[in-house]
Amino acid sequence: MQKVKQENIRNFSIIAHIDHGKSTLADRLIEKTGLLTSREMAEQVLDSMELEKERGITIKLKNVRLNYKGADGENYVLNLIDTPGHVDFNYEVSRSLAACEGALLIVDATQGVEAQTLANVYLALEQDLEIVPVINKIDLPSARPDEVKKEIEDIIGIDAENAPLISAKEGKNIESVFKEIIEKIPPPKGDKNAPLKALIFDSYYDSYKGVVAYIRVFEGSIKPGMKIRMMSNNKDFEVTEVGVTTSKQIPVDSLEAGDVGYVVAGIKNVKDARVGDTITDHENPTAEPLPGYKKVVPMVYCGIYPAEGEDFNSVREALEKLQVNDASLVFEPETSAALGYGFRCGFLGLLHMEIIQERLEREFDLNIVTTAPSVIYKVRTKKGEELSIQNPTNMPDMTEIEVMEEPIVSASIMTPTDYVGAIMELCQNRRGTFINMEYLEETRVIMHYDLPLNEVIYDFFDALKSKTRGFASLDYEFKGYKESDLVKLDILINGELVDALSIIVHRSKAYERGRKIAEKLKEEIPRHQFAIPIQAAIGSKIIARETIKALRKDVLAKCYGGDITRKKKLLEKQKEGKKRMRQIGSVEVPQEAFLSVLKYDE
Amino acid sequence: MKKIAVYIHIPFCSSKCYYCDFVSFPNMDNRIDQYINYLIKEMDMYKDILEEYTIDTIFFGGGTPSYIDEKHIGRIFEYIYSNYNSSEINEITIEANPETVTYKKLKTYKDIGINRISIGLQSTKDTILKEIGRRHTFDDFLKAYETARKAGFENINVDLIFGLPNQTVKDCIHSLDTVVALGVEHISYYSLIIEEGTLMDKWYKEGKLKLPDEDSEREMYHRAIEFLEAKGYKHYEISNFAREGFECRHNLFYWKIKPYIGFGISSHSNIGNKRFWNYKNYNEYTSSLKNGHFPVEGKEYIDENMKMIEYMIMGLRLIDGVDKKEFKDIFKVDLDDRFGMVLEKYKKQGLLTEEDGNIRFSKKGLDLSNIVYVDLLPN
């Protein structure tokens with residue numbers, strides 16, 4: 001592997017809103033440096049997980065090392081560090097940005113600057129990164145590059161005069177991006193003879209090597225045989241391999257100050273190589289770790305249950321496997337009267353939750369039932385106990401509660417001025433507190449609200465998108481806890497309380513939610529031989545009721561001329577549907593019903 | 001010698017009814033000759049297998065078998081009589097639509113040996129007939145019926161459908177009353193099923209069909225049973241009623257899963273442990289035969305366990321249900337040993353009853369038969 005001088009290294013990220021073309025540009029950069037020919041290159045190299053491809057977003061960040069011969073004849077090493085593009089993964093984004101000296105800011109020439117972009121730009125500015133704006137999708141007829149340039153200058157306050165105008169899709173003007181990277185982004189600094197100081201910005205579990213940690217070396221050097229120490233927990237490991245990632249991982253003799261690469265050190269669990277941690281030399285440790293490390297904590301919880309009881313161990317094994325790669329996923333066993341044995345799982349946010357659910361179903365081929373997501377509520381009982389409630393079932397009786405608190409987030413919503421009214425209505429409806437509104441330009445504003453997290457996880461994003469035709473964008477961060485008048489809303493099916501359907505809601509919302517859930521369940525639960533009452537209740541008080549009428553007819557009347565095979569197929573299909581149901585008392589409830597409490601349908 | 005039922009599919013039609021999902025081709029009259037040639041070719045390919053059987057029943061279904069010229073039907077019989085064991089045939093049925101029959105045609109049928117005719121009436125109300133794409137009126141039916149009697153048919157079935165768009169309980173009873181007054185021997189009374197891909201399915205999905213609600217639909221069924229039983233018809237299968245001794249022998253082969261063989265497009269066969277079915281596509285069917293291959297699109301082997309399940313599913317369609325002794329004679333296993341748990345469960349729920357060693361559906365069970373069937377299937 002070719003070594004270059006420190007001043008010929010450029011470490012950079014690409015930041016962009018979802019769909020603004022980050023992955024496509026990354027593909028082009030990779031292609032142009034000849035690392036992979038386009039024929040070899042699978043679409044969107046950096047997004048390798050199947051699910052990421054499908055959703056068109058990056059979840060796990062990775063990096064790639066590109067060799068580039070500059071116009072000046074010098075050989076450069078460009079380390080591209082990919083970042084996840086979603087608010088759930090803000091912390092990871094901030095750590096990968098911390099590994100860079102600069103960032104390419106991709107802005108869609110038709111959409112302009114959006115809330116997510118801005119949030120990531122602020123993260124980059126916090127890290128003192130040099131920001132290089134790039135305007136993408138200029139091939140689209142609706143592109144308005146000049147306006148977008150002005151937007152970047154007005155809203156973000158950086159010079160966009162010479163921002164390259166490119167089309168990543170068509171490979172247009174990509175050379176100018178390289179030129180900007182080399183000219184604008186400063187090379188790394190740092191003394192390679194100082195004690196080792198390296199930042200972990202990602203890690204994953206490899207079944208052959210153990211944990212592989214992606215690192216940026218800030219000072220000193222790291223090589224095989226060396227004993228290293230994780231500064232957050234003082235655990236020591238012996239390095240067995242260091243290397244860089246091109247189209248594959250290539251071992252090198254050492255990584256030095258300024259380099260980006262990976263390290264393998266017999267680490268068995270990603271928990272011991274947490275993102276944001278600093279690696280130092282066991283023999284000759286650095287005095288201070290790199291700033292910014294924090295242990296990420298889950299914000300959203302839900303129950304995950306095997307659809308069929310006997311799969312409990314398979315679900316556990318799958319969660320364990322996912323956790324090896326994802327230190328922010330937490331889970332512990334729990335039981336539900338309705339759903340049997342399962343797990344209470346904690347996630348960074350809703351997207352993170354959905355991703356884990358889908359991976360369980362797809363990669364592990366499991367059939368699971370998920371309960372409605374919940375945030376963590378704080379309860380102080382009259383006896384003075386302090387409780388954290390992740391599962392509504394565990395909420396103490398109202399009479400025992402002195403005070404309850406719920407998590408609040410600071411939300412920023414960027415929107416064209418046309419939708420300000422609709423957004424205010426939505427936020428008000430979701431118990432938001434208006435903070436202020438800033439005009440970014442004449443036709444665009446950023447609105448700041450404090451919102452209860454339990455309202456945000458309840459279909460807020462979809463509601464926002466539909467009320468603003470997709471023009472508004474949302475970003476939020478945890479602010480703190482606030483006292484709130486909360487109640488536990490229970491659902492009874494055929495007179496039986498279904499613990500997996502209980503939710504905690506604000507008292508003012510209980511009636512409406514109860515009614516909607518009952519209506520939804522009426523649609524989702526198939527009719528039985530008998531009529532089934534569905535009730536929503538707070539304590540012993542019924543606040544909403546629906547009835548599923550008794551089934552009168554379930555027959556295959558025709559004879560189909562001896563076509564028993566077809567008849568059997570129709571019955572088998574029906575049986576298959578039945579299998580996906582949970583027996584609650586004498587009622588069979590489809591899995592989808594457990595998610596119906598999630599849907600708002602405004 | 002073992003008995004077998006023979007089904008022959010005639011896929012031609014003057015037009016497609018809006019609810020029909022059987023394989024039928026309107027406007028393909030120029031292919032009729034060719035099709036009959038292939039049909040006979042197919043029958044010839046099964047000659048060896050059929051040597052072990054004697055034919056008990058023949059059924060011409062469609063499409064509209066009465067749509068094509070009677071000479072074609074004659075050719076088929078020529079083949080059957082001279083190649084298959086046909087000395088013990090008990091019942092030969094042909095389906096007919098009112099607008100397609102003439103005295104000459106019906107007389108020819110009778111002379112060939114056809115002894116049962118099944119007329120598609122569906123409803124006695126002309127407005128309903130029009131709405132479901134039938135090409136005849138009630139008067140056309142009446143003429144056809146009388147002509148059939150004149151031609152000497154003493155076993156006539158009439159097909160009726162209930163649960164049609166804009167149909168009322170009164171309409172249904174009126175239809176039944178009318179055909180009973182005529183003195184038909186057999187009545188098939190089917191619940192409308194909106195089949196995927198039919199014109200009605202399209203309208204249904206577009207919300208354009210005004211179908212009776214479920215309560216009325218069930219009333220149409222329950223009232224019909226009461227009415228026909230009072231008139232001396234035996235309710236012997238979910239959808240079928242007959243005067244004593246006029247039960248459809250051919251369909252009983254299906255319901256009892258006895259051997260049957262189907263010839264022609266899309267037809268199904270059940271011989272030994274094998275179930276197989278022909279191509280539904282005209283060109284696949286004909287080109288397969290042209291190349292000397294059996295025109296079979298798929299087959300299924302039925303093991304002993306599945307045979308028992310199918311025997312239950314089909315047998316329970318019969319109002320007398322499944323006879324435990326007969327089950328044991330066929331399978332050498334006690335019905336209760338094999339299905340006891342499921343049967344108990346549904347006896348408790350009131351869907352099944354047992355009387356004199358016969359397991360049958362209760363009145364409620366007839367309406368909810370799928371619940372039991374689904375539980376009989378293997379997991």
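These are my notebook entries on a few features I looked up in this predicted model.

**Entry 1: salt bridges**

I began with the total, and the structure holds 57 salt bridges over all chains. I then picked out a few pairs to follow up.

Which residue of chain B does Arg527(A) meet in a salt bridge? The partner is Glu214(B), with N to O at 2.4 Å. I placed Arg527(A) in the loop between helix H12 (507-524) and strand E29 (532-538) of chain A, and Glu214(B) in helix H9 (residues 214-230) of chain B, so this pair joins two chains. Arg527(A) has 30% relative accessibility and therefore counts as partly exposed. Glu214(B) is partly exposed too, at 22%.

My next pair sits within one helix. Lys107(B) forms a salt bridge with Asp111(B), and their closest N and O atoms are 3.1 Å apart. Both lie in helix H4 (residues 103-112) of chain B, where four residues separate them, about one turn of the helix. Lys107(B) is partly exposed at 31% relative accessible area, whereas Asp111(B) is exposed at 55%.

I also looked at Lys324(B) and Asp336(B), whose side chains meet in a salt bridge of 2.7 Å, N to O. This pair links distant parts of the chain, with Lys324(B) in helix H13 (residues 324-331) and Asp336(B) in helix H14 (residues 335-348) of chain B, 12 residues apart. Asp336(B) counts as partly exposed because its relative accessibility is 37%.

**Entry 2: around helix H14 of chain B**

While there, I checked Lys345(B), which also lies in helix H14 of chain B. Lys345(B) is partly exposed, with a relative accessible area of 38%. How far apart in space are Lys345(B) and Asp375(B)? Their C-alpha atoms are 10.0 Å apart, and in sequence the two are separated by 30 residues.

**Entry 3: a charged patch**

On the surface I noted a patch of negative charge, where Asp44(B), Asp48(B), Glu51(B) and Glu52(B) gather. Asp44(B) belongs to helix H1 (residues 32-45) of chain B. Its relative accessibility is 39%, so Asp44(B) counts as partly exposed.

Which residues does a cis peptide bond join? I found Gly62(B) and Gly63(B), with omega at about 25 degrees. Gly63(B) is in the loop between strand E4 (53-62) and helix H3 (70-83) of chain B.

I then turned to positive phi values. Gln122(B) is not a glycine, yet its phi is positive, at about 75 degrees. Gln122(B) lies in strand E6 (residues 116-122) of chain B. Is Gln122(B) buried or exposed? Its relative accessibility is 8%, so Gln122(B) counts as buried.

Ile257(B), again not a glycine, has a positive phi of about 50 degrees. I traced Ile257(B) to the loop between helix H10 (249-255) and strand E11 (260-263) of chain B. With a relative accessible area of 18%, Ile257(B) is buried, since the cut-off for buried is under 20%.

Methods:
Residues numbered from 1 in each chain as written. Chains lettered and ligands numbered in written order. Predicted model: local features only at pLDDT ≥ 70, side-chain atom pairs only at ≥ 80, totals over all residues. Heavy atoms only, no water. Patch = residues over 30% accessible without salt bridge, like charges linked within 9 Å, V, L, I, M, F, W, Y side chains within 5 Å. Areas by Shrake-Rupley, 256 points an atom, 1.4 Å probe, with all protein chains shown as cover. Salt bridge = Lys/Arg side-chain N within 4 Å of Asp/Glu carboxyl O. Lys, Arg positive; Asp, Glu negative; His and termini not counted. Charge placed at Lys NZ, Arg CZ, Asp CG, Glu CD. Buried < 20%, exposed > 50% of the residue type's maximum accessible area, 1.4 Å probe, protein only.
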